[in-house]
Amino acid sequence: MKLNPKLIRYMGNDEFRVLTAAEMGSRNHEVVPTSLIANIANLRHGGTNKILNDLCKNTLVARVQNSKYDGYRLTYGGYDYLALKTLSRRESVYSVGNQIGVGKESDIFIVADAEGEQRVLKLHRLGRTSFRTIKEKRDYLRNRKSGSWLYMSRLAAMKEFAFMKVLHENGFPVPTPIDCNRHCIVMSLIDAYPLCQIHDVAEPGKLYSALMDLIVRLACAGLIHGDFNEFNILIKDDDTPILIDFPQMVSTSHRNAEMYFNRDVECIRTFFKKRFHYESRLYPRFSRDVNNEHRLDVQVAASGFSKKLQEELEEVSRRDSRQERGKEGV
Ligand code: ADP
Ligand code: MG
């Protein structure tokens with residue numbers, strides 16, 4: 001997905017009003033009727049249609065004709081634009097540089113603030129692959145809110161930001177969370193390579209222990225990363241690890257906590273065997289090594305990302321992975 005920050009400089013107030021109106025209308029319409037957009041935007045001299053045409057050309061909205069009415073759908077481009085505009089107004093982002101990552105459910109860019117200090121912008125893109133099929137099946141848009149990629153991507157960003165904040169405040173090695181708006185988060189840039197790109201470490205045993213300690217420390221604080229693998233661990237020059245990407249972080253009170261914990265541990269064991277030919281008899285076990293002393297999961301819920309939101313997001317991930325499996329014919 002391309003990000004076009006240039007548009008920010010060229011769009012005027014009326015364009016912004018109309019795009020915002022399309023976003024507002026998206027809260028309860030998949031396709032926002034043109035008349036509703038005009039109503040919300042309420043431009044003094046009219047002209048909503050012309051502006052919608054221009055926004056369409058820049059792919060910030062897409063025209064949809066359905067059987068009942070004509071309207072527009074906000075695109076990811078439009079949503080990116082609105083988020084970038086807010087982040088730049090708040091001075092979290094001043095300029096946008098290269099894309100450094102593209103995952104199945106996110107795009108990662110280097111950005112900078114007004115002083116030129118580099119940061120990382122992560123745009124969550126939930127439902128890029130599977131919402132279309134969900135929509136076709138029509139099985140769950142009854143619950144409108146969670147059927148929308150807009151809402152789910154925003155929830156994913158909120159979740160990541162809430163976890164990063166609490167982890168950072170409690171001294172865990174994660175990037176510094178800077179800002180969050182809509183489906184985007186801004187965090188500090190870590191000068192390091194992901195573990196998957198590292199073929200040599202001075203002391204594999206030391207790094208192995210540091211990673212296992214991190215898994216246990218997290219669990220003792222009530223949290224399991226859930227995707228603790230070589231892509232989500234950055235290794236600094238001095239071989240210290242920094243943890244990123246909290247898409248499926250769960251609480252140790254989750255009913256499958258032990259399974260998630262073991263899977264994280266197993267991921268590291270397997271990787272170290274394959275990559276560094278390092279194998280240790282020592283590895284942490286949930287029942288023996290985890291005692292919940294402080295409950296950061298409770299702190300995360302208190303920070304605004306409630307248990308209910310967490311469950312909503314989990315429900316969609318489950319559907320997504322079921323669909324993915326379905327597609328692969330497994
Ligand atoms: P995804 O959800 O797509 O897996 P990640 O958060 O894992 O997204 O980021 C993808 C890649 O982007 C990482 O593997 C890493 O190389 C890079 N990256 C992400 N965040 C940072 C950061 N704060 N500093 C440096 N690199 C980062
Ligand atoms: Mg990742």
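Guide: A polar contact is a pair of N or O atoms within 3.5 Å; within protein, one must be able to donate a hydrogen and the other to accept it. The model discussed here is predicted.

Visitor: At what distance does a polar contact join the side chains of Gln99 and Asp107?
Guide: Gln99 sits in strand β4, residues 95-102. Its side chain also reaches the backbone oxygen of Gly101 at 3.2 Å. The polar contact between the side chains of Gln99 and Asp107 has a length of 3.1 Å.

Visitor: Is Gln99 buried, partly exposed or exposed?
Guide: Buried requires under 20% relative accessible area and exposed requires over 50%. Gln99 has a relative accessible area of 35%, so the class is partly exposed.

Visitor: How far apart in space are Gln99 and Leu121, C-alpha to C-alpha?
Guide: In sequence, Gln99 and Leu121 are 22 residues apart. In space, their C-alpha atoms are separated by 9.2 Å.

Visitor: With which side chain does Arg125 make a polar contact of 2.6 Å?
Guide: Arg125 is placed in the loop between β6 and α6 (131-137). One polar contact joins its side chain to that of Asp80 at 3.0 Å. The contact of 2.6 Å is with the side chain of Asp107.

Visitor: What is the relative accessible area of Arg125?
Guide: A residue is buried when its relative accessible area is under 20%. Arg125 is therefore buried, as its value is 0%.

Visitor: Which residues coordinate the magnesium ion (ligand 2)?
Guide: Donors to this metal must lie within 2.8 Å. Two residues coordinate the magnesium ion at 2.1 Å, through OD1 of one and OD of the other: Asn232 and Asp245.

Visitor: How many residues apart are Asn232 and Asp245?
Guide: Asn232 lies in the loop between β10 (223-224) and β11 (233-235). Asp245 belongs to the loop between β12 (241-243) and β13 (250-251). Both residues are buried. The pair links distant parts of the chain, and the separation is 13 residues.

Visitor: How far from an oxygen atom of ligand 1 is a polar side-chain atom of Asn232?
Guide: Asn232 coordinates the magnesium ion through OD1. A polar side-chain atom of Asn232 and an oxygen atom of ligand 1 are separated by 3.0 Å.

Visitor: How many residues surround ligand 1?
Guide: The closest are Ser106, Lys122, Ser188, Ile190 and Asp245. By type, the shell divides into eleven nonpolar, four polar and two charged residues. The number surrounding ligand 1 is 17.

Visitor: Which backbone nitrogen does the side chain of Ser188 reach?
Guide: Ser188 is buried because its relative accessible area is 19%, and the limit is under 20%. At 2.8 Å, its side chain reaches the backbone nitrogen of Thr176.

Visitor: What distance separates the C-alpha atoms of His124 and Ala156?
Guide: His124 lies in strand β6 and counts as buried at 7% relative accessibility. Along the chain, His124 and Ala156 are 32 residues apart. Their C-alpha atoms are separated by 6.7 Å.

Visitor: What is the phi of Arg182?
Guide: Most residues other than glycine have a negative phi. Arg182, in the loop between β7 (177-181) and β8, is buried with a relative accessible area of 18%. Although Arg182 is not a glycine, its phi is positive, at about 50°.

Visitor: Near what value is the phi of Asp239?
Guide: Asp239 is found in the loop between β11 and β12. It is partly exposed, with a relative accessible area of 25%. Its phi is positive in a residue other than glycine, near 70°.

Visitor: How many disulfides does a search of the whole structure find?
Guide: A disulfide needs two cysteine sulfur atoms within 2.5 Å. Cys196 is buried at 17% relative accessibility, and Cys220 is buried at 12%. Over the whole structure, the number of disulfides found is zero.

Key:
Residues numbered from 1 in each chain as written. Chains lettered and ligands numbered in written order. Predicted model: local features only at pLDDT ≥ 70, side-chain atom pairs only at ≥ 80, totals over all residues. Heavy atoms only, no water. Donors = N, O, S within 2.8 Å, 3.2 Å for Na, K, Ca; no water. Helix = DSSP H or I, 4+ residues; strand = E, 2+ residues; numbered from the N terminus. Buried < 20%, exposed > 50% of the residue type's maximum accessible area, 1.4 Å probe, protein only. Near = heavy atom within 4 Å. Nonpolar A, V, L, I, M, F, W, Y, C, P; charged D, E, K, R; others polar.
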